[in-house]
Amino acid sequence: MDWQPFYVTLKLAVATTGLLIALAAPLAYVLAYARFPGKSMIEALVNLPLALPPTVIGFYLVVVMGPKGAAGRVWEALTGGSLLFTFLGIVIASTLYSLPFAVQPLKAAFQRIDRRLMESAYILGLSRKATFLRVIIPNSVSGIAAAAILVFLHCMGAFGVLLMVGGSLPGETKVASIAIYEAVEAMKYREAGLMSLCFIPISYAFLLLVNRLNRGA
Amino acid sequence: MMRRLGCGWVFLLVWVLWLIPLSVSAQERLNAAVAANFIQAFTEISQAFERKTGVRVEATFSSSGNLYGQIVNGAPYDLYLSADEERPARLNKEGAGERPFVYARGRCVLWSARKDFCRAGDWRTALRDEDVKRVAVANPETAPYGTAARAALVKAGLWEALKQKWVFAQTIAQAFQYASTSATAAGFCAYSSVMSDEGKKGCFYRIEEAPAIVQSACILKRTPHRASAEAFAAFLISPEAGAIKDRYGYH
């Protein structure tokens with residue numbers, strides 16, 4: 001069996017999880033505590049990938065990241081390369097696709113924090129940013145971990161978006177879910193079965209871990 | 001009061017929507033699993049057949065490999081139009097399909113949305129151009145047009161030499177989509193897609209080195225509409241359908 005697609009899947013899941021938690025934490029903080037007009041609109045926008053078919057996201061990404069699209073043109077001007085059909089391209093695609101899976105649990109974790117802790121921090125003279133980094137983040141570690149694992153699992157299972165934007169390049173964008181699909185199409189059922197079987201214990205173990213972390217919180 | 005009225009409307013709407021397909025199913029209907037390259041021609045052929053006989057033919061378009069997998073797993077199709085000879089023959093051997101027949105011979109072309117792509121002397125030179133960074137090829141393992149494209153590239157000595165440029169699409173239709181959105185500079189497509197409205201906007205090279213793609217079809221043994229399925233199979237190879245196929249570049 002070819003392990004390379006699993007390696008790409010893992011690499012994608014790790015890269016996306018890291019990037020997404022870093023991006024989603026400030027966003028979730030704002031959504032959890034700030035009050036401003038239009039907040040519900042932003043919240044709905046963040047959740048939009050949940051409600052859209054992956055093919056819709058994939059279709060737009062091909063257009064936007066392509067050489068004629070806005071993102072594709074900017075990227076080409078900066079680096080001279082193409083975003084589509086690269087590893088970075090699928091990291092961006094799955095970051096967008098998994099955004100609500102990071103923001104929702106992070107927001108819930110931040111909201112669970114005792115407000116008195118934050119107020120004490122302000123009274124003791126910490127700035128908002130310092131409070132976020134030194135009080136909120138350390139007090140929601142298990143929530144962050146749960147969000148990270150959810151994103152990680154969601155990335156491992158991503159299929160439709162990557163099918164649209166990936167181009168199935170071996171070692172670059174050919175992830176395990178696509179390798180399974182292609183093996184089925186090529187009538188290599190044994191290989192497809194083996195690869196599918198690998199997913200079950202991995203995903204199950206991670207979900208158990210999420211449960212643990214949530215109970216700990 | 002308002003709320004109850006709202007509920008009533010929703011109920012009515014659901015009920016009406018539910019009824020619409022019922023009124024259609026009074027007419028006899030065939031379900032065909034059709035290889036993605038044949039979309040345009042099939043749509044016209046099935047319309048002509050419906051005008052003639054009143055039997056409607058609904059099609060599911062996907063790659064031949066995907067459709068084959070669905071059929072093996074019991075999908076309720078009446079006919080299978082593959083893009084190769086191997087899969088219908090295999091269905092026949094396994095007992096799921098009747099004897100296969102050839103319904104079209106397709107050709108592989110190299111198509112681009114940019115007209116200046118075709119200024120080079122031939123397709124090999126066009127591909128070697130350094131500005132051509134990515135070229136879409138349908139998966140050679142599952143899509144017969146991809147297999148033909150790979151054969152031509154191997155023959156021309158370019159398959160390994162330009163390995164960095166290939167982007168793999170799941171079907172020949174996706175290869176065309178990549179090329180037409182300029183996601184790739186060009187794509188190996190079916191000659192039939194060049195004939196579409198979108199295809200006419202670009203330009204193409206014929207790939208003489210690519211073997212003709214012999215496409216065969218079969219009636220599936222589980223069909224409850226045998227007579228109609230046989231009539232459609234006969235229509236598919238009739239001169240009338242032949243004229244439509246000609247227009248889309250099949251012979």
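1. Start with helix α3 of chain A, residues 54-65, in this predicted model. The helix has 12 residues and runs 16 Å from its first C-alpha to its last, close to the 16 Å you'd expect at 1.5 Å a residue.

2. Which residues of α3(A) are buried? They are A:Ile57, A:Gly58, A:Leu61, A:Val62 and A:Met65. Looking down the axis of α3(A), the buried residues fall within an arc of 135°, so they line one face of the helix. As background, an α-helix has 3.6 residues a turn, so residues three or four places apart point the same way.

3. Now over to chain B and its domains.

4. On the contact itself, domain 1 of chain B puts in 13 residues and domain 2 of chain B puts in 14. On the domain 1 side, the elements giving two or more residues are α2 (39-53) and α3 (64-72) of chain B. Of the elements on that side, α2(B) gives the most, with 3 residues.

5. How many nonpolar, polar and charged residues does the domain 1 side of that contact in chain B have? By class, the side touching domain 2 of chain B has 5 nonpolar, 6 polar and 2 charged residues.

Terms used
Residues numbered from 1 in each chain as written. Chains lettered and ligands numbered in written order. Predicted model: local features only at pLDDT ≥ 70, side-chain atom pairs only at ≥ 80, totals over all residues. Helix = DSSP H or I, 4+ residues; strand = E, 2+ residues; numbered from the N terminus. Expected span 1.5 Å × (residues − 1). Buried ≥ 20, exposed ≤ 12 C-beta atoms within 10 Å, placed from the backbone. Arc of directions from axis to C-beta. Contact = placed C-beta atoms within 7 Å. Nonpolar A, V, L, I, M, F, W, Y, C, P; charged D, E, K, R; others polar.
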